[in-house]
Amino acid sequence: MDTTNHVKPRPIRRFNAGKIAWTFIFCVLGIITILPFLWMLSASFKKPLEIYDFPIQWIPTEPQVSNYIKIWNNPSYPFFRFFLNSVNVAFFSVIGCLFSARQRPMPSPRLNSRGATSYS
Amino acid sequence: MLFPVLFSLILSFCEWDLISGFQNIRFAGLENYQGLISDDWFVSSLMNNFRYSIVVVSVTMVLSLVVAYFINDKVYFKKFLRTAFFMPYIANIAAISVVWIALYQPSQGPLTRIVQTFGVASPKWLASPATALNSIMLMTIWVGLGYNIVIYLAGLQNVPGELYEAAEIDGANSFAKFMHVTLPSLSHTTFFLLTTTIINSFQVFGPINIMTQGGPARSTTVLVYYMYLLAFRYHKMGKASAVAWVLFGIIFVVTLLQFRSREKSI
């Protein structure tokens, strides 16, 4: 098979030292930015007394799932009920927004009077 | 739709305690507004709010522009970095505040320990009037940065490549290209972000309500939090409405000034 005619000139890949340096700096910054989330994730698997251990144990010595079980089973804070409440709010506000946004802009470009766009 | 707005305007000239029914609304004239001028608590919350806004807006604008400029085409892993910086913005502010209370814990919190490893006495973070507002600023900058970066990245896509080529032919170095091509091309984006960031910074409430309740010693009371205290703790609906309208006036004037200065510059 003759491939010589189909070979496109490939861009020369050279390692760009400047780009690597900037990548390193910004990856450090990016990781610092998400550290609070990672700390929170690791804390969610810890026993209460281990949370403030320092140096930080990013991977708990004995990972606990009990925190996750507890939030679903606490009778004084019914998490499932709260979850449903959030779903309720999200569902109806999205429906409400979509419907009112569908109907509201209709007249405004068609009305030419002053203030036609300001009634909503 | 305008009813709540008009009702608060009317209330700001009245005296009402929220619980005793509409028949007890009493007209008070300009009393509420005059009362605000001599109210130390209001003045200090106004000053706190200005300090908060100036620091948060300037730091957020500069940092987000720099980060967006670099992660646009000067680094590998662009998508990872964009996601990393955007993550705080999509997280819920109540959850974030609770996590940062733990991070800021003054004797054992991770941030305290990290500062101590440098051999420096750690600040008391939220527990001291001198550092409480700064600690909240640090957190809200961290939260808001990602949004500004993403909008700046979108703006950077629209900068025409020919301009950079032309600047290169003219012998511009990368700093000159940034100052004379990137920055002017982003002026629309900068204007939009400046306006929304200022407005948001004047409306800060969530982190303050959760993390400090305006304390210690009123050092983190900002306008919206003071308004909330007046309305729902002290039941002075009239005065609270007056604060709301002062806040509206400030935001309105700042935004108007921006629009004016923009018209001039074009």
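First, the conventions. Because this is a predicted model, local features need pLDDT of at least 70 and side-chain atom pairs count only at pLDDT 80 or more, while totals for chains, interfaces and linings use all residues. Residues are numbered from 1 along each chain as its sequence is written, chains are lettered from A and ligands numbered from 1 in the order in which they are written, and side-chain values use heavy atoms, with hydrogens and water left out.

I start with the interface. Chain B brings 28 residues to the contact and chain A brings 22 residues, where contact means heavy atoms within 4.5 Å. The size of an interface is often given as the accessible area lost when the parts come together. Here the buried area is about 2300 Å², with 81% of that from carbon and sulfur atoms; the term means the accessible area (1.4 Å probe) that two parts lose on being put together, summed over both.

Which elements of chain B give two or more residues to the side that touches chain A? They are helix H3 (40-73), helix H4 (78-90), helix H5 (93-103) and helix H6 (110-117). H4(B) gives the most, with 6 residues. Helices here are DSSP runs of H or I with at least four residues, numbered from the N terminus. By class, this side of chain B has 21 nonpolar, 4 polar and 3 charged residues. Nonpolar covers Ala, Val, Leu, Ile, Met, Phe, Trp, Tyr, Cys and Pro, charged covers Asp, Glu, Lys and Arg, and the others, Gly among them, are polar.

Next, the rings. Over all chains the count is 30 aromatic pairs. Rings of Phe, Tyr and Trp (its six-membered ring) pair if their centres lie within 6.5 Å; planes under 30 degrees apart are stacked, over 60 edge-to-face, and the rest tilted. One of the pairs is A:Trp22 with A:Phe26: the centres are 6.3 Å apart and the planes at 45°, so this pair is tilted. Both residues lie in helix H1 (residues 17-43) of chain A, 4 residues apart, about one turn of the helix. A:Trp22 is partly exposed at 34% relative accessible area, whereas A:Phe26 is buried at 4%. Buried means under 20%, exposed over 50%, and partly exposed in between (1.4 Å probe, protein chains only).

Now the salt bridges. How many are there over all chains, and how many cross the interface? The structure holds 4, and the interface of chain B and chain A has 0. The rule asks for a side-chain nitrogen of Lys or Arg within 4 Å of a carboxyl oxygen of Asp or Glu. In chain A, A:Lys47 and A:Glu62 form one at 3.5 Å, N to O. These two residues are 15 residues apart, both in the loop between H1 and helix H2 (66-73) of chain A. In chain B, B:Lys177 and B:Glu168 meet at 2.9 Å. Here B:Lys177 is buried, at 15%, and B:Glu168 is partly exposed, at 49%.

Last, B:Ala231, which sits in helix H12 (residues 223-232) of chain B. B:Ala231 is buried, with a relative accessible area of 4%. Leaving aside neighbours within four places in sequence, B:Ala231 is in contact with B:Leu18, B:Lys236, B:Met237 and B:Ala240.
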